[in-house]
Each structure stands twice: as structure tokens, then as C-alpha cells.
Amino acid sequence: MAHIYDRRRFLRRLLAGTSAVILTGCDKLSNSEWFSNILSTGESLSINAHHLLRSRKTMAQEFSEAEMSPSFRSNGTSFPNSAEYQTLAKNGFANWTLEINGLVEKPVKLTLAQIQQLPSRTQITRHDCVEGWSAIAKWTGAPLHEVLSLAKPLTQARYVVFYCADPMDDDGTNFYYESIDMEDAYHVQTILAYKLNDETLPIKNGAPIRLRVERQLGYKHAKYIMRIALVEKFDDIAGGKGGYWEDEGYEWYAGV
Ligand SMILES: Nc1nc2c(c(=O)[nH]1)N[C@H]1C(S)=C(S)[C@@H](COP(=O)(O)O)O[C@H]1N2
Ligand SMILES: [Mo]
């Protein structure tokens, strides 16, 4: 036992020392080399340790301006069919607020201006939709961890749930929603985007804000976010599978 414990401590220290290098993309030592060096010490690691090692260093590929697609299409909802959303849109989202509640110390409501005043991140990434299309685009937004920290998540919180403005049925009761775990929530490339290709995020792509969770497939990137809730489990949310498409049978974990 003590042996395993020491090993974990060793790994944690190692991660603390190397993550800065990895996150800046200075990747001289290839990922696989680095990984196998650690594994070659002759002892098998727990799945959790594997996951920790891999996830901390994995960045989604970023591209240059020259590699950007000429345009970025809209998929799924292109204009939410709800009176509430349409009223907000008419006002240029001046009255829109993002509510953050659930397992947090301090529930908050943020305006778009407040989100735009937070530190921002811009990234050029490739979006992959399971329906068979991909596109490279530039996204600018507030890192999700900056936004979440304002609400002070409690330690029991395991997932971040995004509630969207678009009803997915005719009676307007079943809304698009998605969820990610804390590891993806705190990843540096996970942002609440309010710009696409240097322009204000268009309605067709999720205005006023949409999630970018770059190591995951398209359907995880919730558009038209109205509320974010921190939860321990999603049993009692809609179909209980953590997302609109997950309730229809898609995988919850749609990442690399
Ligand atoms: N609220 C909401 N978010 C959504 C969807 C949607 O229909 N509603 N479609 C998803 C799917 S399947 C994809 S591929 C992307 C498409 O984003 P885009 O419209 O900006 O291309 O958004 C995802 N997020
Ligand atoms: Mo998609």
C-alpha cells in the first residue's frame, strides 16, 4: 500500500513539474515517449493514474489562420424556437444572463458583458460532427474555469451540465442539454465562446455563448447556453444519460 501511495506522490510531483511545459505546447519529448518512460519503470498503474497522466497533457490540435475553413456551417438548431430566446435575441442579448447554480457555494447570474470582461482565449481548432463533416475555425471566449470559479464549485461537484435555449420537441418542454466532467471543464481549451472567426458569434452557431470542449465530438459543444449547473450525478436530468443525444443513444464520452 505504502508503495503505491509513494508512487502516486511521485506521479503527482512529476505532473506538477511537467504540465507547464506541456500546456505551452513545447512538446520536444513526444507524448508517447514521455508516457512510455514512466510506464517502463516496471509497475502497472491504476486506470485513474493513466487517465490523469494522459488527460493532463492532451491538447487538441490547434491550427494556423491559413488552415481555417472558408466558412463554418450551422448544424442542429439554427434559431431556437422559444419566445424567451427570440425576445433576448431581438435585444442583442442585452437582457440575457448566464445562471450558474447547483453544487456551488455562491450561485451567480452573469451578463454577457461580465463574461467578456474575463480573461479570454482564442484557439483555431477542428470541429468534428458525427454526421460526417468537419471544419476548422477560430473561437474566442472565456475559459470555463474562470467562469465557474466565480460561483465557487463545491467538492462534491462531478459534472457540469449546460442547459440550452432550444426546445427539441413541438410542445417546447424538452430542451437541448449536455454535460462534461470536471477534468474537461478545467481543461485550458474549454471555453465559453462568444466569437467565431473574429466576429460576434452568430445565432446559427449558438449566440450569445456556446461551449467549445475541443477534445470532444460536435454534439458535446452546447449552443445557446442559458444555465450551467454543477451536479454529482445526472439521474434526475431529462433522460438521465447526461445529454440530449446521449438520451437518444449516443456515447456520453465523445472524446479522444
Ligand atoms: N443547443 C444546441 N447545441 C448544439 C446542437 C443543437 O442542435 N442545439 N447541435 C450540436 C451538434 S450535433 C453540432 S455538430 C454542433 C454544431 O455547431 P454549429 O451549429 O456551430 O456548426 O453543435 C452542437 N450543439
Ligand atoms: Mo454534430
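Which residues are buried in helix α6 (residues 144–151)? They are L144, V147, L148 and A151, where buried means under 20% relative accessible area, exposed over 50% and partly exposed in between (1.4 Å probe, protein chains only). Seen down the axis of α6, these buried residues fall within an arc of 95 degrees, so they line one face of the helix; the arc is that of the directions from the helix axis to the C-beta atoms. After α6 comes K152, with a positive phi near 50 degrees.

Some ground rules before going on. This is a predicted model, in which local features need pLDDT of at least 70 and side-chain atom pairs count only at pLDDT 80 or more, while totals for chains, interfaces and linings use all residues. Residues are numbered from 1 along each chain as its sequence is written, chains are lettered from A and ligands numbered from 1 in the order in which they are written, and side-chain values use heavy atoms, with hydrogens and water left out.

Now zoom out. The chain has eight helices and ten strands, taken as DSSP runs numbered from the N terminus (helices H or I, at least four residues; strands E, at least two). Of its 256 residues, 43% are buried.

On to ligand 1. It has 21 residues around it, the closest being R73, N75, D166, N205 and K223; a residue counts here if one of its heavy atoms lies within 4 Å. D166 puts a polar side-chain atom 2.7 Å from a nitrogen atom of ligand 1.

Finally, the charges. There are eight salt bridges, each a side-chain nitrogen of Lys or Arg within 4 Å of a carboxyl oxygen of Asp or Glu. In one of them, K138 meets E65 at 2.8 Å, N to O. K138 sits in strand β4 (residues 133–143) and E65 in the loop between α3 (47–57) and α4 (83–90), 73 residues apart. K138 is buried at 7% relative accessibility, whereas E65 is exposed at 52%. E246 and K220 also pair, with their closest N and O atoms 3.0 Å apart. Here E246 is buried at 3% relative accessibility, and K220 is buried at 1%. Salt bridges that share partners join E65, K138 and D198 into one network.

Definitions and conventions: Polar contact = N/O pair within 3.5 Å; in protein donor to acceptor, adjacent residues only side chain to side chain.
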